[in-house]
Amino acid sequence: NAGRGERLDFTGFFEPIDDGWLGRSSFSAGGGGGTCSLGVTRQTAILKGATLTIEATSHQDDVEGLSVDDCSPAEAERREDEMPCTGHQLVVTTKI
């Protein structure tokens, strides 16, 4: 969570959804008998009336025993809900 003076690190919102946009990214590193690091960030920007709500949640985990092929962004997306939450940002703004 970002407080005063901390930088919010939102990236692109490329996919239209009801009342707004969705952005997501995933990564993987390692594998092949060692540790595989997996991560997913999902963010939404929802506009309802004069209120814009931006929310981002990141999940990340280190997994042992995945092959190089299985240590992939697709595997990170598959495991997203099983991985620990490592970050959450929420911004609510109202046009006055």
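User: How do you know which part of the chain to treat with caution?

Analyst: The model is predicted, and pLDDT stays under 50 over residues 1-5. For that stretch the model has 5 contacts beyond four places in sequence. The scale of pLDDT runs from 0 to 100. The chain as a whole has a mean pLDDT of 89, and 90% of its residues reach 70 or more.

User: Which residues pair across the strands, and what lies in the turns?

Analyst: E15 has L22 in β2 as its bridge partner. G23 is partnered by Q43 in β3, and T41 by S58 in β4. β1 and β2 form a hairpin with 2 residues between them, and D19 in that turn has a positive phi of about 65°. The hairpin of β2 and β3 has 4 residues between the strands, with G31 in the turn at a positive phi of about 95°.

User: Why is G23 called buried?

Analyst: Its relative accessible area is 2%, and buried means under 20%, so G23 is buried. G23 is found in strand β2 (residues 20-30). Leaving aside neighbours within four places in sequence, G23 is in contact with G12, F13, F14, T41, R42 and Q43. G23 and Q43 are 20 residues apart in sequence, yet their C-alpha atoms are 5.1 Å apart.

User: Is S72 buried or exposed?

Analyst: S72 has 17% relative accessibility, which is under the 20% cut-off, so S72 counts as buried. S72 is placed in the loop between β4 and α1. Beyond its neighbours within four places in sequence, S72 is in contact with S28 and L38.

User: What makes R24 and E15 a salt bridge?

Analyst: The closest N and O atoms of R24 and E15 are 2.7 Å apart. The limit is 4 Å between a side-chain nitrogen of Lys or Arg and a carboxyl oxygen of Asp or Glu, so the pair qualifies. R24, at 47% relative accessibility, is partly exposed, and E15, at 34%, is partly exposed. The structure holds 5 salt bridges.

User: How do you know that the salt bridge of R42 and E80 links distant parts of the chain?

Analyst: The closest N and O atoms of R42 and E80 are 2.7 Å apart. R42 lies in strand β3 (residues 35-48) and E80 in the loop between α1 (73-78) and β5 (85-94), 38 residues apart. R42 is partly exposed at 30% relative accessibility, whereas E80 is buried at 8%.

User: What separates R78 and E75 within helix α1?

Analyst: R78 and E75 are 3 residues apart, which is about one helical turn. Their side chains meet in a salt bridge, 2.7 Å from N to O. R78 counts as exposed at 51% relative accessibility, and the cut-off for exposed is over 50%. E75 counts as buried at 13%. Salt bridges that share partners join E75, R78 and R79 into one network.

User: Which residues make up the largest nonpolar core?

Analyst: The core has 8 residues: C36, L38, V40, V63, L66, C71, A76 and M83. The largest share, 3 residues, comes from β3. For A76, contacts beyond four places in sequence are S26, F27, L38, G39, V40 and M83. In soluble globular proteins, nonpolar side chains tend to be buried together.

Note on methods:
Residues numbered from 1 in each chain as written. Predicted model: local features only at pLDDT ≥ 70, side-chain atom pairs only at ≥ 80, totals over all residues. Heavy atoms only, no water. Buried < 20%, exposed > 50% of the residue type's maximum accessible area, 1.4 Å probe, protein only. Core = buried A, V, L, I, M, F, W, Y, C linked by side-chain atoms within 4.5 Å. Contact = heavy atoms within 4.5 Å. pLDDT = per-residue confidence, 0-100. Pairing = 2+ DSSP bridges.
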